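Please keep the viewer open while you read.

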Amino acid sequence: MPRNYKSTRILLAVCLLSTITTANASDTWTGFRGTGSNISSARDLPLKWSADQGIRWKQAVPGYGQSSPVIWKNQVFVTSIEGPQQETCLLHSYDLTSGKLNWTKEFKASQTRKSSSMVSRAAPTPAVDGQGIYAFYESGDVFACRHDGSPLWHRSLVKDYGAFVSNHGIGNSVAQTADQLFVLTAHDGPSYLLSLNKKTGETNWKTDREEGVAWTSPVVADRAGTPEIIVSARGTVKGYQGLTGKLLWTMSGISGNTIPSASVFEDYVLIGASTDRRNPGGANASDSNCCLRLVTKDGKPGYEVLWKAEKAVSYYCTPLAYEGCAYFINKVGVVFCLDLKTGKQNYAQRLSGPCWSSPLAAGDQIYFFTKKGITDVIAPGPEFKLIASNALLADSADAEKSNTAPGQQAKPKSEYAEAGPIAVYGTAAVDQALLIRTGTELFCIGTPEK
């Protein structure tokens with residue numbers, strides 16, 4: 001592990017982007033957890049805000065969505081679903097500077113189900129690159145279009161490979177390289193990891209996986225210049241050769257890894273799960289929250305276990321590796337900070353509340369977005385230091401006032417707007433702006449650009 005963590009984090013933020021297309025890493029957020037690390041090289045991110053100040057704009061998003069926003073320069077893309085049977089899939093483009101809606105695309109879902117708070121609703125986060133935007137929905141539809149909204153291609157995975165079977169829906173976000181889009185399906189029917197050609201939507205390869213529901217997402221690691229797709233789900237962690245889909249290695253004996261995804265930092269892989277070694281439920285629970293290192297032995301790609309956490313637990317959020325530390329968040333909102341190389345626990349501190357959205361790191365700040373809309377900001381490092389605690393909104397009833405850019409007329413309250421406190425699902429970061437997404441609204445935190 002290099003000692004210069006600050007230079008390393010910038011290299012990490014740009015390395016995957018450079019394989020996608022030429023871009024400034026500080027003005028793009030290209031997929032779920034950015035490039036898969038939740039580390040941003042964005043500059044001048046806001047530190048303090050409230051419901052009354054520090055919010056550049058907010059927009060009511062039609063329908064309902066649980067995905068994170070993605071950003072390409074001055075465009076923000078978000079997905080949502082609409083209709084009592086989730087029969088309509090939506091993709092929206094907003095102007096980053098003003099919040100103005102650029103366009104909305106909609107199409108009929110290939111597979112429908114009754115919409116409720118007990119099922120996923122536009123949960124998979126899309127991916128974006130210099131050529132287009134690629135969105136995956138619980139309906140099994142994968143839709144690709146250019147930045148102006150003109151279509152590139154459309155695939156119905158349920159028509160091609162069979163219906164999705166899950167009581168609570170699908171939540172697997174996509175991952176990407178320069179020319180491939182990786183789609184994971186993890187449900188109670190035939191499940192698989194799929195590579196699609198980003199230009200045409202055609203299948204490059206399809207690797208079958210064991211059946212069983214998991215809401216985790218694939219992440220791309222770099223193994224000597226070749227992409228490796230890592231999937232943590234349903235009791236295992238597996239590495240696949242990105243060009244062929246061949247299974248390279250398997251770690252078994254994991255318990256509770258159905259929500260947090262694997263997190264890659266250089267050749268380190270953090271694995272989060274909802275159990276700890278003192279929990280009697282689940283086999284080999286002590287292996288669940290751990291750190292792996294990608295290694296090659298006798299010419300064969302594999303892994304080694306660097307350490308196993310004694311107390312740290314990751315429930316909803318994917319762990320974060322940053323500035324020589326690893327951060328895990330449990331179900332009730334306690335953040336555990338561990339030494340990245342040894343696993344030694346530095347501290348355990350309670351945040352303002354539980355987090356559904358994973359933490360985000362940039363510069364000298366780590367943001368923890370609690371599901372009730374309060375964002376705690378801490379300084380990275382082995383000592384806990386709370387820098388700021390910011391309330392987004394006190395109540396989602398304020399959604400009726402979500403008039404956004406100056407001069408725009410307020411929109412009627414969405415039929416999906418929830419009573420009571422808001423729920424924060426996803427975030428993104430670019431220069432001078434944090435994007436926060438609730439089920440029915442999109443917030444841009446930062447001072448207005450001039």
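Leucine 248 touches Glu228, Gly239, Tyr240, Gln241 and Pro301, leaving aside residues up to four places away in sequence; contact here means heavy atoms within 4.5 Å. The residue sits in strand E19 (residues 247-251). Helices (H or I, at least four residues) and strands (E, at least two) are DSSP runs, numbered from the N terminus. With a relative accessible area of 24%, leucine 248 is partly exposed. On this scale, buried means under 20% relative accessible area, exposed over 50%, and partly exposed in between (1.4 Å probe, protein chains only). Glycine 302 lies 54 residues from leucine 248 in sequence, and their C-alpha atoms are 6.9 Å apart in space.

Please bear in mind that this is a predicted model, in which local features need pLDDT of at least 70 and side-chain atom pairs count only at pLDDT 80 or more, while totals for chains, interfaces and linings use all residues. Residues are numbered from 1 along each chain as its sequence is written, and side-chain values use heavy atoms, with hydrogens and water left out.

**The whole protein**

The protein has two helices and 34 strands. Of its 450 residues, 60% count as buried. Among contacts with a separation of 6 or more, 56% come from residues 24 or more positions apart.

**Histidine 147**

Histidine 147 belongs to the loop between strand E10 (141-145) and strand E11 (151-156). Is this residue buried or exposed? Histidine 147 counts as buried because its relative accessibility is 17%. Its side chain reaches the backbone oxygen of aspartate 129 at 2.7 Å, a polar contact, that is, a pair of N or O atoms within 3.5 Å; within protein, one must be able to donate a hydrogen and the other to accept it, and residues adjacent in sequence count only if both atoms are side-chain atoms. Beyond four places in sequence, the residues that histidine 147 touches include Trp72, Phe77, Trp103 and Val128.

**Strand pairs and sheets**

Strand E14 (residues 191-197) has six buried residues out of seven, so it is largely enclosed by the rest of the structure. E14 takes part in two of the pairings below; two strands pair if DSSP finds at least two bridges between them.

| Strand pair | Bridges and sense | Opposite residues |
| E14 and E15 | six bridges, antiparallel | serine 195 and tryptophan 205 |
| E22 and E23 | eight bridges, antiparallel | cysteine 291 and tryptophan 307 |

E13 and E14 form a hairpin with five residues between them. The hairpin of E14 and E15 also has five residues between its strands, and there glycine 201 takes a positive phi near 85°.

An open, antiparallel sheet of four strands runs in the order E20-E21-E22-E23. Strand E20 (263-265) and strand E23 (300-308) stand at the edges with a single partner strand each, so one side of each has no neighbour in the sheet. On average, neighbouring strands of this sheet are turned by 30° against each other, direction ignored; the axes are lines fitted to C-alpha atoms, for helices over the stretch in contact, and angles run from 0 to 180 degrees between N-to-C directions.

Another open sheet has five strands in the order E2-E28-E29-E30-E31, with mixed pairing. Its edges are strand E2 (39-40) and strand E31 (386-391); each has a single partner strand, so one side of each is left without a neighbour in the sheet.

**Cores and cysteines**

In soluble globular proteins, nonpolar side chains tend to be buried together. A nonpolar core is a set of buried Ala, Val, Leu, Ile, Met, Phe, Trp, Tyr and Cys residues joined through side-chain atoms within 4.5 Å. The largest one here has 32 residues, of which Ile71, Tyr367, Leu434, Leu435, Ile436 and Leu442 touch the most other members. Among the elements giving two or more residues to this core are strand E5 (75-82), strand E29 (365-369) and strand E33 (433-438). A second, separate core of 30 residues includes Cys325, Tyr347, Ile366 and Ile378.

How many disulfides does a search of the whole structure find? The search finds zero, a disulfide being a pair of cysteine sulfur atoms within 2.5 Å. The sulfur of cysteine 337 has its closest cysteine sulfur in cysteine 325, at 3.8 Å, which is too far for a bond. Cysteine 337 counts as buried at 0% relative accessibility, and cysteine 444 is buried at 0% as well.
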